[in-house]
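Biologist: Please show me the model. I would like to ask about a few local features.

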Amino acid sequence: MLGVLRTRTLRRQLIAWLAAPLLVLWSVSTAIDYDIAKRFVNLAYDRALLEAAQDIGRQIKVIDERIYVDLPEVAQQILQTRVSGRLYYLVTGPDNAFVTGEPDLPRPSGETEESPDRISYYDDEYQGHVIRAVALRVPVIPGSGRGAALIQVAERVTARDEFARQIILRMVLPQGLLIFLAGLAVWYGVGRGLAPLSSLRREIQSRSHRDLSALSEEKAPQEVQPLIHAMNDLLQRLGLAIQAQQRFIADAAHQLRTPVAGLKTQTELALRQSPTGEAQETLKQLHTATVQTTRLVNQLLSLARAEPGGERRGRQPEPLDLVTLARDTTTEWVPRALERNIDLGFESPLDSARIEGDLFMLHEMLANLLDNAVRHTQAGGQVTVRVTREKSGESRGLMLSVEDNGPGIPAEERARVFERFYRVLGTGVDGAGLGLAIVREIALTHGADASLAAGANDAGTVVRIVFPLREPPEVS
């Protein structure tokens with residue numbers, strides 16, 4: 001039950017809160033309307049009964065001191081074949097002597113010859129049906145004082161009830177339709193009123209976790225603005241906390257670079273001065289550890305710059321040529337590749353590929369890709385850097401790829417190599433597992449997508465960075 005309540009939307013709750021009182025009011029109104037309709041129907045049918053009784057009273061005649069009712073056959077047929085139902089009648093004389101009609105028709109309770117009411121209505125049962133009757137006293141000979149004849153006219157109440165039901169249906173159905181239309185109007189109105197909340201939800205959902213900019217308050221209603229204020233305040237405090245963390249990492253990396261560089265220099269000097277033997281081996285191991293530490297410090301500094309709150313995140317992107325950047329960076333890494341006997345090359349069918357970004361960070365990203373490729377490719381292998389145009393469906397982009405023919409990465413490991421400090425076991429290559437994490441962070445800051453796949457013929461590895469290409473629409 002709690003799970004159901006939690007999943008209720010605000011719109012459904014408002015509809016429920018409005019529908020309940022409306023249904024109660026509708027029920028009360030239906031009961032009142034039915035009572036009013038029944039009263040008016042009874043009034044109309046009672047008048048018709050009285051008119052029939054008066055018509056019969058006009059036909060009463062006294063001949064030789066005997067009372068007769070001269071009803072033509074046509075009048076009797078009319079009484080028995082009325083549209084609203086057959087009429088039952090009974091005429092009795094001053095001494096309750098039967099004159100004409102239905103002799104077993106119930107008399108009104110308490111009715112006597114001396115009753116003061118000339119006209120009275122009553123309900124009773126006749127022949128297994130509920131009837132409504134009128135009793136009318138008519139003087140036999142006006143002014144003679146010889147008493148009065150009692151005329152009773154009755155009919156079944158079935159027609160009255162059916163007529164009252166038809167009236168109430170004609171009243172209730174439009175009211176129900178109005179309530180339904182009101183519910184639709186409320187549903188639509190609430191939906192339009194909650195549109196700013198839906199827009200706010202879509203904006204938050206579409207954001208990257210790295211985007212900590214303030215939410216817009218322009219189209220937000222006054223009731224939602226305190227919520228947006230609170231969220232913006234939280235985003236601001238979160239951004240300050242991340243910036244403090246990044247500043248700490250960057251400062252620590254900066255501070256470590258100098259002593260580590262000094263330690264590296266001293267170990268290199270000691271290697272040149274020390275004789276061979278165990279001391280030489282120890283110094284070599286110390287020098288290797290120093291080189292690894294220097295690389296780790298530089299990668300931490302690069303990662304701190306690329307993450308949210310980094311020192312370069314606030315810089316405005318500048319136009320640059322991806323082809324030129326890739327060619328120049330590849331050229332810088334040729335000596336390192338030659339040292340490991342690796343064929344490093346650059347290919348691109350494009351003369352230029354214009355994008356907007358941070359030149360320093362993109363250079364750092366490609367340097368990490370080349371470092372990984374050169375370090376993990378065996379001697380005599382090949383590493384190729386490419387810049388091509390990518391088209392997938394309706395989307396277009398520029399793709400920067402680095403492909404090698406090294407041992408490759410197992411398919412089950414490819415999704416995890418972009419995680420920080422994750423290294424594929426069994427490669428035999430030293431590293432901290434930060435290179436591809438830095439590549440992913442820099443790609444995300446430029447709105448690019450980083451992916452990894454097997455190389456040609458399922459050999460080696462290819463890392464692809466696809467930059468979205470914003471081209472003006474073609475004019476037809």
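**Helix packing and selected residues**

Modeller: The crossing of α8 and α10 is right-handed, meaning the near helix is turned clockwise from the far one by less than a right angle. This is a predicted model, where local features need pLDDT of at least 70, side-chain atom pairs count only at pLDDT 80 or more, and totals for chains, interfaces and linings use all residues. Residues are numbered from 1 along each chain as its sequence is written, and side-chain values use heavy atoms, with hydrogens and water left out.

Biologist: How do the axes of α8 and α10 lie, parallel or oblique?

Modeller: Helix α8 covers residues 322–332 and helix α10 covers 359–376. They pack at about 50 degrees, axes 10 Å apart. Angles under 35 degrees count as roughly parallel, over 145 as roughly antiparallel, 65 to 115 as roughly perpendicular and the rest as oblique. So α8 is, relative to α10, oblique.

Biologist: Is Glu 403 buried or exposed?

Modeller: Glu 403 sits in strand β12, residues 395–404. Buried means under 20% relative accessible area, exposed over 50%, partly exposed in between (1.4 Å probe, protein chains only). Glu 403 has 18%, so it is buried.

Biologist: With which side chain does the side chain of Glu 403 make a polar contact?

Modeller: A polar contact here is a pair of N or O atoms within 3.5 Å, one able to donate a hydrogen and the other to accept it. For Glu 403 the distance is 2.7 Å, and the partner is Arg 386.

Biologist: Where is Asn 341?

Modeller: Phi of Asn 341 is near 60 degrees, positive in a residue other than glycine. Its place is the loop between α9 (334–339) and β9 (343–347).

Note on methods:
Axes are lines fitted to C-alpha atoms, for helices over the stretch in contact, and angles run from 0 to 180 degrees between N-to-C directions. Helices (H or I, at least four residues) and strands (E, at least two) are DSSP runs, numbered from the N terminus.
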